Amino acid sequence: DGTLNVMHAILEMDIQQAVFTSSSEIYGTHQSAIHEEDPMYPSSPYAASKASADRYAMHIGTHTNYQFQ
């Protein structure tokens, strides 16, 4: 809920720019380099919560004029 609350506050307060950090954990275990375009395979509750926050940030960007950096 914390990440979602921060995202909503950013929109409500009309903050012009914010940096959203994620984790490589959202991609699961890889033997090679990971790219942002790779599919998400979270393998722990922590990774699943980070993947969910990533998708929510993308959703906000799709449905508002705000893009998280």
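**Legends to close-up views of the predicted model**

**View 1. The largest pocket and its lining.** In this predicted model, 17 residues line the largest pocket, and Phe20, Ser22, Glu36, Asp54 and Met58 are those that lie nearest its centre. A pocket is an open set of points on a 1 Å grid over the protein atoms alone, where a 1.4 Å probe fits, with protein on both sides within 12 Å along at least five of seven lines; lining residues have an atom within 4 Å of a point. The volume of the largest pocket is about 440 Å³, taken as the space filled by probe spheres set on the points, which are joined across faces, edges and corners. Its lining divides into 8 nonpolar, 7 polar and 2 charged residues (nonpolar: Ala, Val, Leu, Ile, Met, Phe, Trp, Tyr, Cys and Pro; charged: Asp, Glu, Lys and Arg; polar: the others, Gly among them).

Residues are numbered from 1 along each chain as its sequence is written, and side-chain values use heavy atoms, with hydrogens and water left out. Local features need pLDDT of at least 70 and side-chain atom pairs pLDDT 80 or more, whereas totals for chains, interfaces and linings use all residues.

**View 2. The chain as a whole.** The chain has 2 helices and 0 strands (DSSP runs numbered from the N terminus: H or I of at least four residues for helices, E of at least two for strands). Along the principal axes, its C-alpha atoms fill a box of roughly 40 × 20 × 15 Å. Of its 69 residues, 26% are buried (under 20% relative accessible area; exposed is over 50%, partly exposed in between, with a 1.4 Å probe and protein chains only). Among contacts (heavy atoms within 4.5 Å) with a separation of 6 or more, 50% join residues 24 or more positions apart.

View 3. Lys50 belongs to helix 2, residues 45-63. Lys50 is buried but has no salt bridge (a side-chain nitrogen of Lys or Arg within 4 Å of a carboxyl oxygen of Asp or Glu). The nearest side chain of opposite charge is that of Asp54, at 6.0 Å (Lys and Arg count as positive, Asp and Glu as negative; His and the chain ends are not counted). Apart from residues up to four places away in sequence, Lys50 touches Thr21, Ser22, Ser23 and Ile26. Ser23 sits in the loop between helix 1 (2-12) and helix 2, and is buried at 16% relative accessible area. With neighbours within four places left aside, the contacts of Ser23 are Tyr46 and Lys50.

**View 4. Asp14 in the loop.** Asp14 also lies in the loop between helix 1 and helix 2. Its phi is positive, about 55°, although Asp14 is not a glycine. Most residues other than glycine have a negative phi. Asp14 is exposed, with 57% relative accessibility.

View 5. Ala48, in helix 2, is partly exposed at 37% relative accessible area. Its C-alpha atom is separated by 28 Å from that of Gln16, 32 residues apart along the chain. Thr29 is in the loop between helix 1 and helix 2 and is exposed at 73%; between the C-alpha atoms of Thr29 and Leu11, 18 residues apart along the chain, the separation is 34 Å. Ala18 is found in the loop between helix 1 and helix 2, and is buried at 12%. From Ala18 to Pro39 the C-alpha distance is 24 Å, with the two 21 residues apart in sequence.
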